[in-house]
Amino acid sequence: MSVEAAVRAFLDRLRRRVRLPAKKTELPPADDTLRAVEPSLDLAARFVASAEAAGCRVHRVGTADWTAQVARIVTEHRIASVLVQVEPGTALTPERAADLTRVLADRGVSMMTETSDAVLFDVGAAVTGVLSATAETGTLVCASGAASARGATLIPPVHIAVVDQSQLVADLYDTFAWLRRRDELPANVNLITGPSKTADIEGVLVTGMHGPGVVHVILLEPS
């Protein structure tokens, strides 16, 4: 018997012995006893508190003022080049990205749209949208796909996430329920809660060791 045949025979025996569940495991019902944040509460206030507790810097601004706020952040960190990643279905629409590009270009900031490794490791910041944001934990739900590079939220030292207040959900029950309702799942989904951190060396917490050391959230409020 060849090696391939032996492996196939082993897998067949294993399948017969292991009883797989008849259906996918589902989350328990999201009733009030399991929820720390009810959808009826002030999700914006809870998200701000949770995100800031996790180390994010949240800026609540109107849709007319957000580009000026991003410009202030770029100036504060002395950033010379910024990646602006337009993402369909997020708050960073092509129109808003064009507005931001004009504002930053007027201040002498180099604007990038290419998402090659060379660009991702060279820019000082990335501005992205998010799929949604979770109020309970202050988590940003980011996805990669044809129009969005996974590294945009994971490599540049400063991440600026543009979040519309309508994108806030109460907790992870709502986050995963929202993902299940999508016709097609993204290639990759990252749940980002605050700047990157590690405590691998002697239990000492270090921020920004392997990803953005600073995360700004531009929370767009209704005008």
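**View A. Arg102 and Asp99 pair up in a salt bridge, with their closest N and O atoms 2.2 Å apart.** A salt bridge here is a side-chain nitrogen of Lys or Arg within 4 Å of a carboxyl oxygen of Asp or Glu. Both residues sit in helix 4 (residues 94-106), three residues apart, so about one helical turn separates them. An α-helix has 3.6 residues a turn, so residues three or four places apart point the same way. Asp99 is partly exposed at 33% relative accessibility; buried means under 20% relative accessible area, exposed over 50%, and partly exposed in between (1.4 Å probe, protein chains only). Helices (H or I, at least four residues) and strands (E, at least two) are DSSP runs, numbered from the N terminus.

A quick note on the model: it's predicted, so local features need pLDDT of at least 70 and side-chain atom pairs count only at pLDDT 80 or more, while totals for chains, interfaces and linings use all residues. Residues are numbered from 1 along each chain as its sequence is written, and side-chain values use heavy atoms, with hydrogens and water left out.

**View B. Arg57 reaches Glu76 in a salt bridge, 2.9 Å between the closest N and O atoms.** This one links distant parts of the chain: Arg57 belongs to strand 1 and Glu76 to helix 3 (residues 66-76), 19 residues apart. Arg57 is partly exposed, at 36% relative accessible area, and Glu76 is partly exposed too, at 48%.

**View C. Arg60 and Glu221 meet side chain to side chain in a salt bridge (2.5 Å, N to O).** Arg60 is in strand 1 and Glu221 in strand 12, so the pair ties together parts 161 residues apart in sequence. Arg60 has a relative accessible area of 40% and counts as partly exposed; Glu221 is partly exposed at 23%. The salt-bridge count comes to three.

**View D. His59 sits in strand 1 (residues 57-62) and is buried, at 18% relative accessible area.** Its side chain makes polar contacts (N or O atoms within 3.5 Å; within protein, one must be able to donate a hydrogen and the other to accept it, and residues adjacent in sequence count only if both atoms are side-chain atoms). One goes to the side chain of His216 at 2.9 Å, another to the side chain of Gln69 at 3.4 Å. Leaving aside neighbours within four places in sequence, the residues in contact with His59 (heavy atoms within 4.5 Å) include Ile73, Val217 and Leu219.
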